[in-house]
Amino acid sequence: FLKQFRDPAQALEELNAQMSAMDRGEEFISLCVVVFDTEAGTLRFASAGHPPAWLWHEREVSPLRATGPLLMLDPKGTYFSREIGLDEGDMALLYTDGLAEARNGDQLFGEDRVATIIRRDPGAAPDVLCKALLEAARDFSEGPIEDDVAILAVRRA
């Protein structure tokens, strides 16, 4: 749908409408769409109830929070996109909920720990940061991490 609409929010609205038309019961999906425009030096995103992505920009770590509901929660759900100019060295980090929901008893690894690890070494290479986050979640968890974990970090060169 990004080829058709080019705007992440419009793509999410179309995806939501089509997936909602399928009778899948109480199934909901979170999703974050990020488009990097290397010529304009921007990041444009829309998020369907996904855990916040994080952005290292202007020497700060900021959350890129949901801009609309989970997919299939509301067939007529609306989404909006945000666009942010990126400077050299800025980095976006996206992850699945399995990372933030790694458990140690009743405690979750959580979004704040993700942000803290980024703040510790924001200049780290993206692959090093992803490995550090996964290791930190494994160390935190009292057993194997139950849910799947995917982590992606992208830095503007």
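This is a predicted model: local features need pLDDT of at least 70, side-chain atom pairs count only at pLDDT 80 or more; totals for chains, interfaces and linings use all residues.
Helix α5 spans residues 126-140, and its 15 residues reach 21 Å from the first C-alpha to the last, close to the 21 Å expected at 1.5 Å a residue. Leu129, Cys130, Leu133, Ala137 and Phe140 are the buried residues of this helix. These residues lie on the same side of α5, because they cover an arc of only 100 degrees around the axis. Lys131, Arg138 and Asp139, on the other side of α5, are exposed.

Four strands form an open sheet in the order β4-β3-β6-β9, with antiparallel pairing. β4 and β9 are the edge strands, each pairing on one side only. On average, neighbouring strands of this sheet are turned by 20 degrees against each other, direction ignored. Helix α4 packs on the sheet and touches β3, β4 and β6; the direction of α4 makes about 150 degrees with that of β6. Strand β3 (residues 53-57) runs antiparallel to β4 and is joined to it by five bridges. Helix α5 also packs on the sheet, where it touches β6 and β9, and its direction makes about 150 degrees with that of β9.

Pro63 lies in strand β4 (residues 60-64), and Trp54 stands opposite this proline. With a relative accessibility of 26%, Pro63 counts as partly exposed. Apart from residues up to four places away in sequence, Pro63 touches Pro52, Ala53, Trp54 and Arg82. A C-alpha separation of 9.6 Å is found between Pro63 and Leu93, which are 30 residues apart along the chain.

Notes: Residues are numbered from 1 along each chain as its sequence is written. Side-chain values use heavy atoms; hydrogens and water are left out. Helices (H or I, at least four residues) and strands (E, at least two) are DSSP runs, numbered from the N terminus. The expected span of a helix is 1.5 Å times one less than its number of residues. Buried means under 20% relative accessible area, exposed over 50%, partly exposed in between (1.4 Å probe, protein chains only). The arc is that of the directions from the helix axis to the C-beta atoms. Contact means heavy atoms within 4.5 Å. Two strands pair if DSSP finds at least two bridges between them. Axes are lines fitted to C-alpha atoms, for helices over the stretch in contact, and angles run from 0 to 180 degrees between N-to-C directions.
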